[in-house]
Amino acid sequence: MMGDLLLRTLRSPSRLVPLDALRCTNAGGSRMPQVLGGRLNADLADRLAAICPTEAMRRGSDSGGRWFELDYGECIGCGRCAAAAPEAVLPAVHLEACGVRREALVHRWSVDTGKEIPPQTAEPPRLDRWLGRAVNIRQLDAGSCNGCEAEIAALTNPYYDLERWGAHFVASPKHADLLLVTGPVTRNMAEAVRQTYAALPAPKLVVAVGACGCSGGVFDASPAVAGGVDQVIPVDAYIPGCPPTPAMLLTGLAAVLQRRLGRRGAGRVSAEAVKARSATAGAGSVASRANPQSS
Amino acid sequence: MTRDAALAGLPLTLRRTWEKDAQPPRLVSIFGRSVGRETEVHYLFDRGAADYEETTVVVGGEIGSLVPLAPAASWQEREIHDRFGLIFAGHPDPRPLLRPWQPAPPVSAPNGTRRWPPDAAAGIGAEFIPVTGNGVTEVAVGPVHAGIIEPGHFRFSTMGDRVIFLELRHFYTHKGTEDLLAGMDAAGATPIAESVSGDNCLAHAVAYCQALERIAGVEPPPRAQALRGVGMELERLANHIGDFGALCGDVGFAPMPALASRLKEDLLLASLAFCGTRYWRGIAVPGGVTMDPGEQARAALARAVAAAGREFAELGGRALRNPSVQARFDGAGVLTPQAARDFAAVGPVARASGAPLDLRRDRPYGAYRRRSVAAARLAAGDVMARAQIRMLEAAAAVEFLRATLADWPPGNVRDRFPAGAEGRGWAAVESPRGELVYWLLLQQGRIVRCHIRSPSFQNWPALPPAVIGGIIADFPMINKSFNLSYSGCDR
Ligand code: SF4
């Protein structure tokens, strides 16, 4: 019986998503908004800022005139902006702002000209070339709702298979190169988070995940919450989303590790190759080798 | 404390409620609310009628504890003590619950808002119940665990391999959610409800919306009800499949978690194609839902569900017939029907221990008024029963989804939700983990008090009785067979 099950596992067609596809549509299903700057005007900026429940959308003015901002680090993808102003806000399909510094999550437009104002600091996340290909990741829940954990756990399923880059999850911070932290840091977890960070060996890379990890999210105002991860330990890069899709997590991690998804031979699989391989696997190449009687 | 002494200590109204029938009612929840200098304590009971029975007592300072009569009241009373400073006389274990390392309850402002002390650093080490004796070893686990899981602390006392005592210390993910909701515009607060427990966010959103709709006297259109029902059964199916796979993974039956994680992802991708989100966030809103997929999308979803359901039924059945799985699941982690009743356990955990408790059948709401779901119930109360219950319920969910998607109600999906709703009310849904209750008090459309009673809060205290007496190596498996949410419990 066990043999049947094993056989079934081996015979089912490959579900591995090609890496290029992951990268191009990483934000599909994340409900993160994409703002068409050219469509902005003062009235619309006011309206959007008023309906956004987390103040991810905000407006103001300075010497350069009136501006409008979208902070992906605070956005929970509630979809209200896209529903209220479909002419200027669309659901994002691709999101570049994954695995970047905090400032790079904030996009700013001039309301007067509709042009995007580039962020002040465009410094890329820390380089750690010596990490090579393999990376040990320790996931730490600092108080999340478990939504981000569900998506992080999905990274190990046969669709995303994080291990194809030699990246894998380890059980102790002492074995980890990178700490993947979710959730607003609750007051009750703050000390445990500090101690986990202390146990991490160099280079102590930290990636904050999700709206809560980036900014405290919807819980930021609660007195029982210390805030985003960077309120408690230093953070190298941020992956927004509520929760981020597995594809956003993958592109974010790749950005931190300076690895271009789909640009290296070993990890690159075309859609055709996947199809061809599944066809052979499904057609019994495995079955012919196995002996059902022996199980 | 004797039963009579405990009864004598209760406020009169509560005592009358408790003694009304020969069989005491099932305790649903106890929660507090600040009213001036006093605390209003609400007791929700289930007596089998269409509505829960609510008893309200206003007290200052001290009130008799219900714990000697109903052990399920323990955490509820401790939470009220921590939040409102109320003393429960006769509570056998009145230690702080929300912040156990802090002896005094946190400062409570008269209007009920919480102020946490600035030095709110967490730590473990505050008193646990001491277990002493020759050969007793204490094993401390958490709050940071080894896998991709939420934080919580388990303190085992063992004698050799045998667990002789287990104490849970949770609330590490306590986010003050109920206080955060107070003062918010009720119609716009669904995203907070969705972030109480992320893997069953739709159940939370629907429970919250139903409570609001009940207060405002709004009935969402039938098509919206059908969509909510489809979403909630998909959520149950995905969770049950994932849990079942992980459970088999915990006993080293490796093919099953690999398959289950694939089937779960199949369903999440089917959701994505159906309604644009993997977990149905942002879909349920007061008055209805925010999307209306067409016929083709429904047919595609029905196909995906049927395929996943078929494969899960076949492979799950084989896993449970496997001798090495049976050797671990059978007879392990037994929660007796009596213990399940004492702790007022809910959901699949209760149904695997003989309790016929399922809100979809007992108090049908939304789509379950049009179409019932086959109720599962087993008596053994062991890990095997909890695994089997998940398979039975997955099959029932598949059948519900097939029938609902095939018989689609006409009409719109969202009615206007009136501004400025006032009043109080509750709603309960059967989430994948069981009975989930939202209780709301509104004034001019704003939330005055929102109480969230998650199934995990109710079921966590029922875990130690299933673990004690077994070997410590079985703990991960037993814990997984309950699969409770930390965030849903801690809020
Ligand atoms: S989708 Fe994001 S930016 Fe838009 S209203 Fe919601 S939280 Fe704000």
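Begin the tour at Pro243(A), which sits in the loop between strand 13 (237–239) and helix 8 (246–256) of chain A, where helices (H or I, at least four residues) and strands (E, at least two) are DSSP runs numbered from the N terminus. The peptide bond that leads from Cys242(A) into Pro243(A) is cis, with omega near -10°. This is a predicted model, in which local features need pLDDT of at least 70, side-chain atom pairs count only at pLDDT 80 or more, and totals for chains, interfaces and linings use all residues. Residues are numbered from 1 along each chain as its sequence is written, chains are lettered from A and ligands numbered from 1 in the order in which they are written, and side-chain values use heavy atoms, with hydrogens and water left out.

Next, select Pro143(B), in the loop between strand 8 (136–141) and strand 9 (153–159) of chain B; a cis peptide bond joins Gly142(B) to Pro143(B), with omega about 15°. Then return to chain A and pick Arg31(A), a residue that is not a glycine but has a positive phi of about 65°, and that is placed in the loop between helix 2 (19–24) and strand 1 (33–35) of chain A. As background, most residues other than glycine have a negative phi, and most peptide bonds are trans.

**A sheet in chain A**

Staying in chain A, display the open sheet of 4 strands, whose order is 2-3-5-6 and whose pairing is antiparallel; two strands pair if DSSP finds at least two bridges between them. Strand 2 (57–62) and strand 6 (116–117) of chain A are at the edges with a single partner strand each, so one side of each has no neighbour in the sheet. Strand 2 of chain A is joined to strand 3 (residues 65–71) of chain A by 6 bridges in the antiparallel sense, and for Asp62(A) the bridge partner in strand 3 of chain A is Gly65(A). Axes here are lines fitted to C-alpha atoms, for helices over the stretch in contact (heavy atoms within 4.5 Å), and angles run from 0 to 180 degrees between N-to-C directions.

**Where the chains meet**

Now show both chains together: 56 residues of chain B are in contact with 55 residues of chain A. The area buried between chain B and chain A is about 4600 Å², with 62% of it from carbon and sulfur atoms; buried area is the accessible area (1.4 Å probe) that two parts lose on being put together, summed over both. On the chain B side, select Ile148(B), Lys175(B) and Arg281(B), which lose the most area to chain A and together make up 15% of what that side buries.

For the charged pairs, the rule finds 2 salt bridges across this interface, a salt bridge being a side-chain nitrogen of Lys or Arg within 4 Å of a carboxyl oxygen of Asp or Glu. Zoom in on Glu151(A) and Arg278(B), whose side chains meet in a salt bridge at 2.6 Å, N to O.

**A sheet in chain B**

Move on to the open sheet of 3 strands in chain B, with the order 13-14-15 and antiparallel pairing. Strand 13 (423–431) and strand 15 (446–453) of chain B are the edge strands, each pairing on one side only. Strand 14 (residues 434–443) of chain B is joined to strand 15 of chain B by 7 bridges, and Leu440(B) stands opposite Cys450(B) in strand 15 of chain B. Helix 6 (residues 201–216) of chain B lies across strand 13, strand 14 and strand 15 of chain B, at about 150° to strand 13 of chain B.

**Last stop**

Finally, select Lys20(B) and Glu53(B), whose side chains meet in a salt bridge (3.2 Å, N to O). The pair links distant parts of the chain, 33 residues apart, with Lys20(B) in the loop between helix 2 (12–19) and strand 1 (26–35) of chain B and Glu53(B) in strand 3 (residues 53–59) of chain B.
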